[in-house]
Amino acid sequence: MSPHAALRPQPTPLPTPAPLPAPARAPARPTTAAALHSVSAVTAVLLGLVAIGAMIHEPVLIPPLAASAALVHSAPTLPLAQPRGVIVGHLVGAAVGYAVLAAAGGSAWAAAVAAGATLALNMVARTPHSPAVATAVIIVLQAPAPDRFVPLLFGSTVLLVLTGFAASRVRRGAPRYPAYWW
């Protein structure tokens, strides 16, 4: 090696690029026991809502609550399934639904505005829960009496959260619900 070779700048190695993330895939299929557990829990809580409604002669089971139950029991670790989103999200949806109903009446146009406003407010409030958007739509299109509807909605969402909590403790190895309370 010549004395001048040591003075020449040595090439610096190029940084190794970070590995590409794995492509997104559908979630793994649940075990038969896990699927039966989730389906049984959802069915039981929804039948409970129907029974409560039959006793008080009020419809308590509405489609958004069925969607909420599915999230709580089949995807308990998602942010959309957490108590904050389930309970507060539906209450925000109800408030927006009644406000839009009062301001614009009960049309499909107003329901679409209520849905968008509910989504926006739930995002700002950090209470993500897509079924709550449907709650606002139902209120605008069906105009249920708020003094009856809102307490039933609140009680139903609390019941969904409590059954999610209980059901996650029954089956060994099940993900614990909730991932966070508030």
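Predicted model: local features only at pLDDT ≥ 70, side-chain atom pairs only at ≥ 80, totals over all residues.
Local features need pLDDT of at least 70, side-chain atom pairs count only at pLDDT 80 or more, and totals for chains, interfaces and linings use all residues. Residues are numbered from 1 along each chain as its sequence is written, and side-chain values use heavy atoms, leaving out hydrogens and water.

**View 1. The aromatic pair of Phe165 and Trp181**. A search of the whole structure finds one such pair. Rings of Phe, Tyr and Trp (its six-membered ring) pair if their centres lie within 6.5 Å; planes under 30 degrees apart count as stacked, over 60 as edge-to-face and the rest as tilted. Here the centres are 5.7 Å apart and the planes meet at 45°, so the pair is tilted. Phe165 belongs to helix 6 (residues 146–170), while Trp181 lies in the segment after helix 6, 16 residues apart. Helices are DSSP runs (H or I, at least four residues), numbered from the N terminus.

**View 2. Arg84 and the ring of Trp182**. The charged end of Arg84 sits over this ring, 5.4 Å from its centre. For that, NZ of Lys or CZ of Arg must be within 6 Å of the ring centre and within 35 degrees of the ring normal.

**View 3. The salt bridge between Arg148 and Glu58**. A salt bridge is a side-chain nitrogen of Lys or Arg within 4 Å of a carboxyl oxygen of Asp or Glu. In this one, the closest N and O atoms are 3.1 Å apart. Arg148 lies in helix 6 and Glu58 in the loop between helix 1 (32–56) and helix 2 (63–74), so the pair ties together parts 90 residues apart in sequence.

How values were computed
Helix = DSSP H or I, 4+ residues; strand = E, 2+ residues; numbered from the N terminus.
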